[in-house]
Amino acid sequence: MDYSEFIGQTQHRLELGTQGKTVRAIRAVLTTLGERLQEGEAQDLAGPLPMEIDWYLENADSGQRFDYDEFVSRVAERANVNREDANYYAEAVVSLVAEVVPEGELQQVRDQLPDDFDQLWELVDAGDAVE
């Protein structure tokens, strides 16, 4: 998947009116996720993503410890949206990442996050149930 397709699919899933808002949402989610993951894991997750997208994971200040509530707060602040929208942005962006990244790599990310991050995977798991 190339950059334009990734942006387009995210924009469609989030029902955002502009590419700028879409890029802001992607940046907010992936930067915050990159902060929560260990550095090597963030880079591994970034590998299959388009170069312009993987940058957010690779350049995050990795290895921080915070819970899901703080994750959503950081996404909300970065995307300039309320917490409910931030949570949905996170679920939607991660579900698209899950379509691009090999399942084993995604599982390593899931294994690294505490149980309170299970909500992040709701759309991913719902997609698995449909298949």
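**Salt bridges, rings and a charged patch**

User: What does the side chain of Arg74 meet in a salt bridge?
Analyst: The partner is Glu35, at 2.8 Å from N to O. Keep in mind that this is a predicted model.

User: Glu35, buried or exposed?
Analyst: Glu35 counts as buried, because its relative accessibility is 7% and the cut-off for buried is under 20%.

User: Which residues are linked with that pair in a network?
Analyst: Glu70 and Arg78. Together with Glu35 and Arg74 they are linked in a network of salt bridges.

User: How many salt bridges in the whole structure?
Analyst: The search finds six. One of the salt bridges is between Arg83 and Asp69, whose closest N and O atoms are 2.4 Å apart.

User: Where are Arg83 and Asp69 in the chain?
Analyst: Arg83 belongs to helix H6 (residues 83-100) and Asp69 to helix H5. They are 14 residues apart, and the pair links distant parts of the chain.

User: And how much relative accessible area do Arg83 and Asp69 have?
Analyst: Arg83 has 37%, so it is partly exposed. Asp69 has 46%, so it is partly exposed.

User: What about Asp125, which side chain does it meet in a salt bridge?
Analyst: That of Arg110, with an N to O distance of 2.9 Å. Asp125 is in helix H8 and Arg110 in helix H7, 15 residues apart, so this pair too links distant parts of the chain.

User: Why does Asp125 count as partly exposed?
Analyst: Because its relative accessibility is 33%. Arg110 also counts as partly exposed, at 23%.

User: Switching to rings. How many aromatic pairs are there?
Analyst: A search of the whole structure gives four. In one of them, the ring centres of Tyr68 and Phe71 are 5.6 Å apart and the planes are at 20°, so the pair is stacked.

User: Where do Tyr68 and Phe71 lie?
Analyst: Both are in helix H5, residues 68-79, and three residues separate them, about one turn of the helix. Tyr68 and Phe71 are both buried.

User: Which geometry does Phe71 have with Phe117?
Analyst: The centres of those rings are 5.5 Å apart with planes at 65°, so that pair is edge-to-face. Phe71 is in helix H5 while Phe117 is in the loop between H7 and H8, so the contact ties together parts 46 residues apart in sequence.

User: What is the relative accessibility of Phe71 and of Phe117?
Analyst: Phe71 is at 0%, so it counts as buried. Phe117 is also at 0%, so it counts as buried. Tyr68, Phe71 and Phe117 form one aromatic cluster.

User: Last topic, the surface. Which residues form the negative patch?
Analyst: Asp67, Asp115, Asp116, Asp118 and Glu122 form it.

User: Where is Asp116 found?
Analyst: In the loop between helix H7 (103-112) and helix H8 (122-130).

User: Why is Asp116 counted as partly exposed?
Analyst: Its relative accessibility is 35%, so it falls in that class. Phe117, by contrast, counts as buried because it is at 0%.

Terms used: Residues numbered from 1 in each chain as written. Predicted model: local features only at pLDDT ≥ 70, side-chain atom pairs only at ≥ 80, totals over all residues. Heavy atoms only, no water. Patch = residues over 30% accessible without salt bridge, like charges linked within 9 Å, V, L, I, M, F, W, Y side chains within 5 Å. Areas by Shrake-Rupley, 256 points an atom, 1.4 Å probe, with all protein chains shown as cover. Salt bridge = Lys/Arg side-chain N within 4 Å of Asp/Glu carboxyl O. Lys, Arg positive; Asp, Glu negative; His and termini not counted. Charge placed at Lys NZ, Arg CZ, Asp CG, Glu CD. Helix = DSSP H or I, 4+ residues; strand = E, 2+ residues; numbered from the N terminus. Buried < 20%, exposed > 50% of the residue type's maximum accessible area, 1.4 Å probe, protein only. Phe/Tyr/Trp six-rings, centres within 6.5 Å; stacked < 30°, edge-to-face > 60°.
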